[in-house]
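Thanks, everyone. Let me put the structure up, and then we will walk through a few parts of it.

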Amino acid sequence: MAITSPIDPTVTGVEPAEPTTQARWWAATRAFALRRPLGAIGAIVIVIMLAVASVAPLIAPYDPVVVDFGAMLTAPGAKHWLGTDAFGRDVLARLIYGSRTALIVGFGSAFIGATLGAILGVGSAYFGGRIDLYLQRVMDIFISFPLIILALAMVAILGNNLPNLITAITIPMIPRCALVIRSSALAIRELPYVDAARAAGFRHRRIILRHMLPNVMAPYLIMLTAFLGQAILLEASLSFLGLGVQEPTAAWGLMLRGAAVEFAETAPWMAIFPGLAISLGVFAFNLFGDSLRDALDPKLRTL
Amino acid sequence: MRHHGSRIVSSLVGAVLALTIGWPAFAVAQDKPRSGGELVFVVPSEPPSYDAHREETFGVIHPMAPHYSTLLKVDPFDKTGTKPVGDLAESWTVSKDGMTYTFKLRQGVKFHDGAAMTSKDVKASYDKIIFPAAGVVSLRQTAYRAVEAVEAPDPQTVRFKLKWPEGSFLLNLASPWNWIYKADILAKDMHWYEKNVMGTGPFKFVEHVKGSHWVGKKNADYWDKGKPYLDGYRAIFISSSSAQVAAVRGERAHIQFRGFTPADRDSLVQALGNKITVQESPWDCILMVAMNHQKKPFDDKRVRRAMTLALDRYDASKNLSKIAIVKEVAGIQVPGTPFATPPDELVKLAGYSRDINASRAEARKLLKEAGAEGISFTFKNRGIPQPYEPIGIWLIDQWRQVGLTVKQEIIEASAYHPMLKRGDFETAMDFQCGFIVEPDLDLPRFLSDSSANYGKSGDKVLDDLYNRQARATDSEERKKILRVFERRLLDEEVHSMMTLQWNRIIPHNAKVKGWTITPSHYLNNQLDTVWLAE
Amino acid sequence: MAKYIVKRFLLMFPTLFGVAALIFILIRVVPGDVVELRMSGESGMSDPQVVAQERARFGLDKPLWHQFAVWVWGAARFDFGTSMWTGAPIWEEIKLRFALSLQVAIMATIVAVLLAIPLGVLSALKQDTWVDYAVRMFSIAGQATPSFWLGIVLILVLLITFKWLPPMVYTPFWVNPWQNLAQLIWPAVAVGYRYSAVATRMTRSAMLEVLREDYIRTARAKGLVEKLILSRHALKNAMLPVLTVVGLEFAFLLGGLVVTEQVFNLNGLGLLFVQAVAHRDYTLTQALVMIVAGAFIVVNFLMDVTFAWLDPRIRYR
């Protein structure tokens, strides 16, 4: 588009500003926000969550762990905005600290899972042949394996702490991501320029890094955001079953366990707020991921 | 005149007094058991097999105990659950040296297939329990080590010969697990009872649909004429506790025989008002803290003593009892039972003082002396919501108040026991649940050779004390020895520490009558005395 | 085509074998022993001699490879042995729960499809309008809500507002259809709502893609009625990926409803799973995993074959 600028540099002596990378990012974000308001809402909520989690000690009104029997089971009010639980611990404080657990587990497992899955998927697609066959079988095995049993077994074997919980949640994600990335990568592998690169004798690493990886970025990001929401839900379910984070650490799923259910009628605030927090968190991630998927590639047919 | 008037007044007052005091008796007399109706109750777990001699779970007792009789049983109306009365035994005598017990059996008792019950059935059943053949599992065999032989000299008499006298023998025989089976069946196939039912109990077996329910119907030929009052019963297997509460609340089930949480009780009372009767009792279960004597610094009794001094048991009793199934402050026996230490004496033990500040000050001093000030350690706990988790949270908070930083690690329930046996812990939650309140059943775990002594506290003095109390036939002497035992265990050496006694809460439909709560959820499940009001 | 089917069919077996090996090893690596658990019950104490005796009875003292071979040989003939916890044949333990889980899965699928297809089509037709946004938010909310929380809230609402409780005991459909539905409709709705989210999204994107196709434009140009275009051309072709998703999620539902079953007190496969693992009942756990994974693998195979038949490009990969 050779439209000459109305401002002729030779006349005014001032160069028309080329849009900087920063300005381009900003423009893209704005376009995203305007075209996809749902995704924008999701993104805003995520940013708020991240902010809350990082400054938790500063904004939490009470220590989330200290037991105060004098204040047990108080309804939401001036002293405790969201009420207290069966041990007199402030619900709001526990929610705020709980966001840390949710985000650490969510981001940790989603990132590791998606990345490892992507590596395996690309590798499997690129090398093909026997490697592809074996890797695919292994992936199939893990995908067919019931998720909850895998998590149960992992926790029972490895023990019940945060790194193991992240591992238990990551493992089912890897094969799912691998399969999706693999089909994208396969499509790219068929392309003529990749063949040409191989014929020219370029090293594997170069082809993978230079050509294949950038092109699977779209499905990778989509899987990542999808996993974020799922990881938080999975952590909540596992904590609910008693396999997740331990007391007295604050975690949303853990807050729903035991006393919250028992006192659901007389002290509903114990169960409502953590449930809302989980739903909101997952909702935000899913909204964002959904819009991202639409923006990047509406033709994607995979889960 | 006044004389006359005052006599009228006094007789009026007397009449009123008589009515108010006598009214309950009058009312009870009015409350005559009514025949008929089907009792519906919920059971949290299902029986793995049908043979009580080889099982340990209440999932066997609750649906199946009504089909069987035992030689002796625990008095169903005794709240302490410690009084043996006859079931199939009509009367008994004990020899002077305490080594021979002779029982006279009731006449006219029939099995559900019509065959008569005689002493050979009792002997065969007890032979199976005490001297099991190869390949036959008898879980409580070791409890009857004192028995030399079981004899059946005539069809109406059974005799037990002991190797040494045992004060707890009668109560031991009243075990709810010692169902009397048919000798003829046992002679043909020792494993028959694992998959089949044939007893002499108040109810006959109708059906068992796995994962769903168990049905029993009235045994018209039951030896106790007039009983059972119920036409039958239905046990529904529901594992989720919220669904159990919902069942009682929706009046689809009358009762659950294990226990509900305080929150469940409160919501049931709130929802159903006087349609619900609540019975509560201390439970024959308690959580203790096991400290690994082979790991520093828990080999130092000053550290162990500091840990028990830090716990404000009375405050916890008040508060935790609102949210968890625990309540009373206890020593080595269930409060209220014959051998339990009364509260005014219990106060003298470490950690049982009412002055918590003094206790905690002493704790800090001891920790400093032992060079363990402000240390951190892990506490392993079982992944079960009630009452393990609340007690865990409480313990960690209490220890925090004497400067100890404790991190909790939850081990999945089924992996817990292996962890304890391996000794793979610094401190851990230990638990004790008995089916009858008897020191001989509750205390062996503290002995140095016990497989349940996870802390590995090898204390010969304690072993000796235990043996002495087990052989003592005079209960006063036993009490004295038990006090010394308790003092050494919880105060001088602090090999273990008790938290709070569990609290059994049974809110049930007010129509259910004739059932009295006892400290054990394995007792009083024959349902022969239970009836349903209109 | 035949060659493709045969190849995919044969590939099922190594996967099945891999799953079998994985669960066999996994359940044995987890600490805890079924016999000890049985024997120690609530008091936590057990007699070592008794334990050893029972272990021998279950063949647990034999070397691992021997146990594995015996089990695989039996599984190949659909004989999964007996449960180590109750001693009853596995099929007997499973059949009641299987019927229930199957019914819930089917009902949830129906709910999901009834929600997903109209909503997905609507959303696609009205892309980027507030209708589209509303539908997407509704379906994403379904995916975001923890199902156990939804179940708890549902039961509470029923109890408090309507003072009514779903039936406790499972009655098969042919015995008493009303009671059966009264119990199972609630979990079906709770699960179906979550499940519809994925299907709605898939319907929407598939419809969007199909609507952009040339042949739709041609049909429009030809002057065909819009409704006819939608139903005869667009919808039919969009259904394929939707069916794939529905099929795969269905296979998951069979054993995956662990928490939902706990909350609604359903005597289904999910609950049996948790109990089996908690009891370390090796044979039962292994059998359940094989059934659930097997269902998934078979459904996968059928989907692949259907896909290949309809889209020839895939066969030649």
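**Strands, a helix and an interface**

Start in chain B, where strand E12 (residues 276-291) and strand E16 (residues 427-433) run antiparallel, joined by 7 bridges. Strands pair here if DSSP finds at least two bridges between them. Strands (E, at least two residues) and helices (H or I, at least four) are DSSP runs, numbered from the N terminus. One partner to look for: Val289(B) is bridged to Met429(B) in E16(B).

A word on the source. This is a predicted model, where local features need pLDDT of at least 70, side-chain atom pairs count only at pLDDT 80 or more, and totals for chains, interfaces and linings use all residues. Residues are numbered from 1 along each chain as its sequence is written, while chains are lettered from A and ligands numbered from 1 in the order in which they are written.

Next, a hairpin. Strand E8 (residues 203-209) of chain B runs antiparallel to strand E9 (residues 213-218) of chain B, with 6 bridges. Glu207(B) has Val215(B) as its bridge partner in E9(B). Between E8(B) and E9(B) lie 3 residues, and Gly211(B) in the turn has a positive phi of about 75 degrees. E9(B) also pairs with strand E10 (residues 232-237) of chain B, antiparallel, over 5 bridges. There, His213(B) stands opposite Ile236(B).

On to helix H3 (residues 119-130) of chain B. Is this helix mostly covered or mostly open? Mostly covered: 10 of the 12 residues of H3(B) are buried. Buried means 20 or more other C-beta atoms within 10 Å of the residue's own, with C-beta atoms placed from the backbone. Among the buried ones are Tyr126(B), Ile129(B) and Ile130(B). The cover includes strands E5 (100-105), E6 (147-154) and E7 (157-162) and helix H5 (183-188) of chain B.

Last, the interface. In chain C, 38 residues are in contact with 35 residues of chain B. Contact means C-beta atoms, placed from the backbone, within 7 Å. On the chain C side, the largest share, 5 residues, comes from H2(C). By class, that side has 18 nonpolar, 11 polar and 9 charged residues. Nonpolar covers Ala, Val, Leu, Ile, Met, Phe, Trp, Tyr, Cys and Pro; charged covers Asp, Glu, Lys and Arg; the others, Gly among them, count as polar.

Definitions and conventions. Contact = placed C-beta atoms within 7 Å.
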